[in-house]
Amino acid sequence: MFLSKTKATEKWLDAQCDGTAALHTLPSCMSLCDLKNDNYYQLVIVDVPLFDFDAKPKLKVYKGTNLTSEQNLPEIPSAVECFYLDEPEPRIPIIAVAISSYVLFYRNMKPYYKFTVPEMDIDPLEADTWNKLQTARPENVDKLIDNLRTLHLSQLTEQSQHLLSLPEDKRASFIIQSANNDLKRLSTITSMVSIKKAANDSKSASCLILTVESSEIFILDTQAFVILHQARACNFQGTPSMISATGQYDVDFRLVVATREGYLCLLRKGWLVGQHIVKLDHPSAGLALLPIDQTIVVVCMNNYLLCYSKKGKKLWSVTLPQPAVCMTPVPLPHLGISLVCVALRGGLVQFYCQKKLVDQFYAPETVSALTFGRLGQEEHVLILVTSDGSLIVKILKRTAEFSTTDNIYDMKTSSEEASGNLQIPKKTKIFVEQTLREKEHAAAIHNSFQSELWRMRLTAARATVDVINSADSNVSGDVGMAPIKMAAEVLGLGPVFKLFLIVENISARKEASGLNVLIQADHRHYMVDRPYLRLPMLVPGAPLKLDFKVTVVTDPSDGLAPVDLTPENSFIKVLIFKTGHTKPLIASTVVMPQPEPQILGTF
């Protein structure tokens with residue numbers, strides 16, 4: 001471990017910088033999670049060997065910059081995600097590694113489950129060709145192989161693709177070896193992301209979203225490992241390369257998919273086909289769907305950072321000083337903002353709040369992958385992996401604030417700003433016509449405004465008087481008497497209900513006496529036992545609980561409720577008044593539930 005050579009910045013602390021880590025990874029193969037359920041978050045990363053072709057990729061776990069665990073992987077993965085299952089404590093996260101056409105799940109860094117994407121249909125010509133190849137004569141093999149070449153390479157199985165790539169002298173042996181193999185056409189997973197299932201807590205259950213080369217999107221239930229929803233990324237053939245998601249599966253969610261052809265597609269809950277919203281001029285190097293304002297931020301390989309709305313409208317664009325390598329969102333809920341961190345070629349790392357540059361620093365080398373989240377016991381940590389294999393950890397200061405000026409490194413002085421003229425927008429024809437109309441009819445417009453204002457005040461005053469006179473509330477407000485509070489609850493399925501009333505004196509020292517309860521109900525619909533009841537003296541802090549039997553009037557012949565009993569008129573009124581007073585202290589309306597027909601038939 002050595003000291004960081006990054007350029008000093010007042011917002012970030014240089015926590016650790018390990019130049020001997022020798023890590024080489026992809027931006028989608030980094031994740032942060034609490035592996036031991038000890039509230040200490042660790043870094044999960046895939047180390048991809050670049051120079052040793054015989055070496056296997058490894059799934060590594062770092063505690064700070066110390067390697068604590070590693071697991072060999074069969075192939076180079078396309079993405080890594082950490083999520084939680086819907087299970088009781090202790091909550092141990094699951095690590096999902098997307099490799100080729102399947103997803104490997106690890107728990108406690110041990111194999112847990114393997115999920116394979118559904119198979120696709122095999123072209124009849126390919127299946128018929130392989131049946132003939134097993135019994136074909138040597139002189140007819142080349143003709144049958146030419147039949148496979150008539151199909152598009154993406155429509156062939158991996159077995160046929162391998163056959164076409166072999167030289168002629170090795171094809172015969174490969175056909176013999178593959179004679180008993182079943183043809184399987186599986187699409188390769190290109191990207192993967194997780195969203196919460198119902199709650200938005202940090203350790204709540206999640207769903208896994210997979211995109212494959214055939215443009216299909218699979219939403220996977222991580223509890224039973226079955227597909228909850230399947231859709232297409234777009235209504236045309238496109239290969240997804242990146243995905244970003246927000247929301248919860250059970251409530252509402254949005255997915256944004258970037259394809260290799262330069263399209264951006266939006267998919268919402270319940271959709272079977274994504275909607276094409278933007279066609280980019282150049283391929284994307286990073287994609288983020290910001291949760292705060294629901295905008296889509298994408299960085300392209302032509303030195304542009306672009307922002308689009310959910311409908312595909314271009315909101316702003318920024319020209320970057322160097323080509324972008326990768327990007328990650330930086331959510332800062334304690335500041336109420338969400339930044340975008342862009343790593344550029346040459347080691348420059350920039351932070352944007354919308355289109356405004358708010359911070360930047362230099363890394364020793366070009367940053368090849370980065371992520372932001374919780375590491376250890378720190379809430380806001382930025383982890384960077386450079387092209388030379390260094391692992392850099394930076395912590396955001398708790399006192400850090402981000403300026404929203406156009407460019408923090410090219411700010412104008414106060415004298416320069418004072419000398420500049422304000423850019424007043426031009427007056428449109430509509431604005432001029434509206435101004436002339438207001439000048440000509442100023443008196444009429446003023447009188448109309450005053451008339452509507454007094455009418456609104458009169459309506460509000462009448463509503464206030466009606467509320468005071470009707471006493472339609474669950475708290476009494478008469479001056480000179482102890483305030484009374486009442487709560488009502490209805491239990492039962494019907495036709496017999498129990499109405500519970502809790503009457504409480506909420507004054508500090510004053511008692512309430514001489515109170516009565518009266519229950520008013522339409523006799524055609526309800527019968528109430530003891531509709532009138534005298535209450536004992538109520539002292540502060542001692543609630544009184546009462547119960548009343550309310551029966552729905554039913555037809556003796558069929559046991560059904562009256563036809564005119566609808567949810568609009570199925571209510572009763574509870575009045576609390578003092579003896580000798582005509583105005584009730586409390587008049588509360590209780591909505592009664594509809595009786596169950598199945599129960600009515602038994603009475």
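UniProt positions are given in the numbering used here, feature names are shortened, and annotations may be inferred rather than shown by experiment. The model is predicted, so local features need pLDDT of at least 70 and side-chain atom pairs count only at pLDDT 80 or more, while totals for chains, interfaces and linings use all residues. Residues are numbered from 1 along each chain as its sequence is written, and side-chain values use heavy atoms, with hydrogens and water left out.

View 1. An unreviewed UniProt entry assigns "domain: Bardet-Biedl syndrome 1 N-terminal" to residues 12–268. The end C-alpha atoms of this span are 37 Å apart, and its content is 16% helix and 41% strand. Helices (H or I, at least four residues) and strands (E, at least two) are DSSP runs, numbered from the N terminus.

View 2. A nonpolar core is a set of buried Ala, Val, Leu, Ile, Met, Phe, Trp, Tyr and Cys residues joined through side-chain atoms within 4.5 Å. Buried means under 20% relative accessible area, exposed over 50%, and partly exposed in between (1.4 Å probe, protein chains only). The largest core has 27 residues, and Leu-499, Leu-501, Val-517 and Ile-572 have the most contacts inside it. Elements giving two or more residues to this core include strand S30 (496–505) and strand S35 (571–578).

View 3. A salt bridge is a side-chain nitrogen of Lys or Arg within 4 Å of a carboxyl oxygen of Asp or Glu. Lys-394 pairs in this way with Asp-14, with the closest N and O atoms 2.2 Å apart. Lys-394 belongs to strand S28 (residues 391–396) and Asp-14 to strand S1 (residues 12–18), 380 residues apart. Lys-394 is buried at 0% relative accessible area, whereas Asp-14 is partly exposed at 41%.

**View 4. The salt bridge of Arg-398.** Arg-398 forms a salt bridge with Glu-378, the closest N and O atoms being 3.4 Å apart. Arg-398 lies in the loop between S28 and helix H5 (414–419) and Glu-378 in strand S27 (residues 378–386), so the pair ties together parts 20 residues apart in sequence. Arg-398 is exposed at 72% relative accessibility, while Glu-378 is partly exposed at 25%.

**View 5. Trp-454 in helix H7.** Trp-454 is found in helix H7 (residues 442–470) and counts as exposed, at 54% relative accessibility.
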